[in-house]
Amino acid sequence: MKNKFSIFNFQFSVKKGFTLIELLVVILVIFSVGVLISSVLFSALRGTNKTNTIDMVRRNGNSAITQMSRMIRYSQSFDGVKVAEGDPYTTSCVPIAALPPVISAPSPRLGFFSRIANLAQGSANLGKKEVSSLFSKLASLIPNPAYLSKLPKDPKQSKISLYLTVRDFLKEIFGSILEPQVALADSTPATSGGTFSGGITCAAGTIPWSNANDAISSNNWYATASLPAGGGRTYCLRATNFGFTIPSGSTINGIFVAVEKKAETASIIYDNSVKIVKNLTISGTEKAKSTFWSTTDSYIFYGSSTDTWGLTWTAEDINNSGFGVVVSAQKNISGGAAIAYIDHIRITVYYTPPTYTISGDVFIDDGAGGGTANNGVRDGTEANYAGATLTRQTWATCPGSGTATTTTSVSTTPGYTFSGLSADTYAVTLTVPASYTNTTDTCVIRAVGPNTAANFGIIPAPTPTPTLTPTPTPTPTPTPTTVTFPSGSADGYLVYYKTSFPPDIFGTCVMYDNLALFVGQSYTSPTYYATRSYVIFDTSSIPDNVTITSASLQLTLRTNNTNTDFTLNVRNYNWGGSLSCPTDWGGSPPTAPIVGTYDTTNLPFLSNNSFPIPIVDLTSINQAGNTFLMLSSNREENDISTSPWERFDAYSANETTVSYRPQLTVTYTTLILTPTPTPTSPPPPPTSTPTPSPTSGPTPIPIPYHYAQITGFDGGKTTFQCDTSVIASNSASLIDINSVSVSSCYFTCSQDSINSPPNIGINFSLVQSGAPNFFEKKDSINFQTSVSVRNY
């Protein structure tokens, strides 16, 4: 049957449409494709956002850590560190052994072209970016039809114009190589500015710079100026506050400026003005070049190692925060509107440092002429000693551990002198003449400056008086004694907890003082727990004249939840007798020495049963006071994740059943002397008394400081603040607080000995400010470095 019908002789056909199932299938396919495309776009946006955020956090951190380390390393003096605002500064730091070693990154293997690039970089003070753009600059010199059409029609004039272009280019690239270098001169590192302003009036400029602070480093973030189609000149972009610390008294030989820049359009933007800034005043020789700015990012150089820009300079002028450079661009009247870009401005200063002298006297401290004998000070008419030998060493500690060149001087009646010294730290050591003894230190540390002095006092050694040999000590008979000490009621335990592992890193710490001592770690979703216990015993009743032969800590099991066994570490940790959190946690990982261990596979099966833990380091028993012990899990100390229960608890000193409380059992022997007289031997010849060797103690834990202070060569003091609120220099923030915030920040201070230069550790973490985009977690980066104070 046909699906046709007729109305008034018109025929109509009925055609079939899509079924419901077909429509649903099409809708499902379209929806799936849309979800897939949306997921791809969303992932791309998330990746881009994360990359930009990490780059922003990293740039803030690198800028802050570079400025602080540079100013600390080249400061005139280190004034100290402190924890809180009202505390006094201290320059006494813990030994370097307390800090983790610094791991250096391996040097990459260099290929042929990398070696050539490094050679050019070292010869001309060029960065890798400048060298990498060398070939593109050379290519831009090859005349093309568009360029040749702009040259004058006269062939001679065309040759002259092309010659000038090539000459200016070669001068830019190779000028610093061909410049004669100053003999015996030093130079600063190529240093970036710290303060930028894009609206400085100069050279008839009227167009401001935007994003001036983006010229702080070579990172493809630009200070920009939009020049109109009819031509125009920009204001000066001024870069100052370079943070130089050139030694006072140095001779300034030259100033070398590098400006990394480009133009949006070729052959229409060129220099309007490039001049130096002295104490915030634009002055000196005009260094603007007539060549057009390239459309590729590259450094252009101004000045040299012998060019002072027509001015006379002192070290204080360079170190002044008002020292810098200004750059202005201009556009010719041809062509459309264009943008001028400046990515980075840096300055290298060449100088000859001053030389210094260390001089002094070796005097006979005998009190002649009304002076005071043997007081270490030359007074009265005390005379100089002629003929003593003195040694000077560079970068040394007392006594005489320097590894650099050693220079020797012999003292004369007028004294001794070490001359021609550079600004550095030196050790001067006196070799005491025979038949004399010293009345002052025989080694002193001096950071040289004008008229640095170091005097030494000696006095004739007294004639030794013969002494009789004492009667030999009688043979002792040991008698063992065993004493059991109960634990003090101040014992307890500390707990760190957090929803991520390990909990003792930025977790919450709580102190408990009750009937139990918990040791180990556990996990109860979503929280991780780490637990350590602390006990105290009054062992002051042990006599001094005894020898401890054994000791044992006894605990009584309360509950055993060790689904995963671990090693119980007993550490000799002085927590002070008044437990507080987190001060007495003991470090992550702890550094206190282990004096005993116990495998938890041997724990009693039932509660209320005791188990002994042998103490193998008997020096941990304090015969003069309290013996402090800390109980911890080796898996918790080494951040091995819990699984989920590996913890037990024992009874504490607060338990009502006395026999369940912790006990420390000590066995020692007392010497009973049996006199056995022997004849006295004749006196031996006199011998010198050996100097006692220092006894090393437990490695101290570095203290986190939040303030550090230095003095620059201009005499100004700089205070660095480093805490969770800010990273600042003299209250000026070193980070963009609108973009990033500080999650942790502290300094550490360490040194080998009291006479060695301090090493300042800078440690902080930055996290992006505000709410993260695209459901990402806030990106956080840790920054860490260590800088040695040179002029200590």
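Student: What makes Cys 745 count as buried?

Tutor: This is a predicted model, so the value is computed. The relative accessible area of Cys 745 is 3%. Buried means under 20%, so Cys 745 is buried.

Student: How do you know that Cys 745 is in a disulfide with Cys 722?

Tutor: Their sulfur atoms are 1.4 Å apart. The cut-off is within 2.5 Å, so the pair counts as a disulfide. The torsion about the S-S bond is -90°, and the link is left-handed. The pair links distant parts of the chain: Cys 722 is in strand S39, Cys 745 in strand S42, 23 residues apart. Cys 722 is at 0% relative accessibility, so this residue is buried too.

Student: How many disulfides does a search of the whole structure find?

Tutor: The search finds 3. One of them joins Cys 202 and Cys 236, with sulfur atoms 1.6 Å apart.

Student: Why is the disulfide of Cys 202 and Cys 236 called right-handed?

Tutor: The torsion about its S-S bond is about 85°, so the disulfide is right-handed. Cys 202 sits in the loop between strands S6 and S7, and Cys 236 in strand S9, 34 residues apart. Both Cys 202 and Cys 236 are buried.

Student: What makes Cys 509 buried and Cys 581 partly exposed?

Tutor: A disulfide joins Cys 509 to Cys 581, S to S 1.4 Å. Its torsion is -115°, and the link is left-handed. Cys 509 lies in strand S28 and Cys 581 in the loop between strands S32 and S33, so the pair ties together parts that are 72 residues apart in sequence. Now the cut-off: buried is under 20%. Cys 509 has 19%, so Cys 509 is buried. Cys 581 has 25%, so Cys 581 is partly exposed.

Student: Now charges. Why do Asp 317 and Lys 278 form a salt bridge?

Tutor: Their closest N and O atoms are 3.7 Å apart. The rule asks for within 4 Å, so the pair qualifies. Asp 317 is in helix H7 and Lys 278 in strand S11, 39 residues apart. Asp 317 has 22% relative accessibility, so Asp 317 counts as partly exposed. Lys 278 has 23%, so Lys 278 also counts as partly exposed.

Student: What distance separates the closest N and O atoms of Lys 287 and Asp 307?

Tutor: The distance is 2.4 Å, and the two form a salt bridge. Lys 287 lies in the loop between strands S12 and S13, Asp 307 in the loop between S13 and H7, so the pair ties together parts that are 20 residues apart in sequence. Both Lys 287 and Asp 307 are buried.

Student: How do you know that Arg 635 and Glu 646 form a salt bridge?

Tutor: Their closest N and O atoms are 2.9 Å apart. That is within 4 Å, so they form a salt bridge. Arg 635 lies in helix H8 and Glu 646 in strand S36, so the pair ties together parts that are 11 residues apart in sequence. Arg 635 has a relative accessible area of 16%, so Arg 635 is buried. Glu 646 is buried as well, at 0%. By this rule the count comes to 10 salt bridges.

Student: On to rings. How many aromatic pairs does the structure hold?

Tutor: The structure holds 24. One of them is Trp 575 with Phe 628, 5.5 Å centre to centre and 80° between the planes.

Student: Why is the pair of Trp 575 and Phe 628 called edge-to-face?

Tutor: Their centres lie within 6.5 Å, so the rings pair. Their planes are 80° apart, and over 60 counts as edge-to-face, so that is the label. Trp 575 is in the loop between S32 and S33, Phe 628 in strand S35, 53 residues apart. Trp 575 is buried at 2%, and Phe 628 is buried at 11%.

Student: What makes the charged end of Arg 346 sit over the ring of Tyr 299?

Tutor: The charged end is 4.5 Å from the ring centre, and the distance limit is within 6 Å. The charged end of Lys 262 sits over the ring of Tyr 341, 5.2 Å from its centre.

How values were computed. Residues numbered from 1 in each chain as written. Predicted model: local features only at pLDDT ≥ 70, side-chain atom pairs only at ≥ 80, totals over all residues. Heavy atoms only, no water. Salt bridge = Lys/Arg side-chain N within 4 Å of Asp/Glu carboxyl O. Helix = DSSP H or I, 4+ residues; strand = E, 2+ residues; numbered from the N terminus. Buried < 20%, exposed > 50% of the residue type's maximum accessible area, 1.4 Å probe, protein only. Phe/Tyr/Trp six-rings, centres within 6.5 Å; stacked < 30°, edge-to-face > 60°. Lys NZ or Arg CZ within 6 Å of the ring centre and 35° of its normal.
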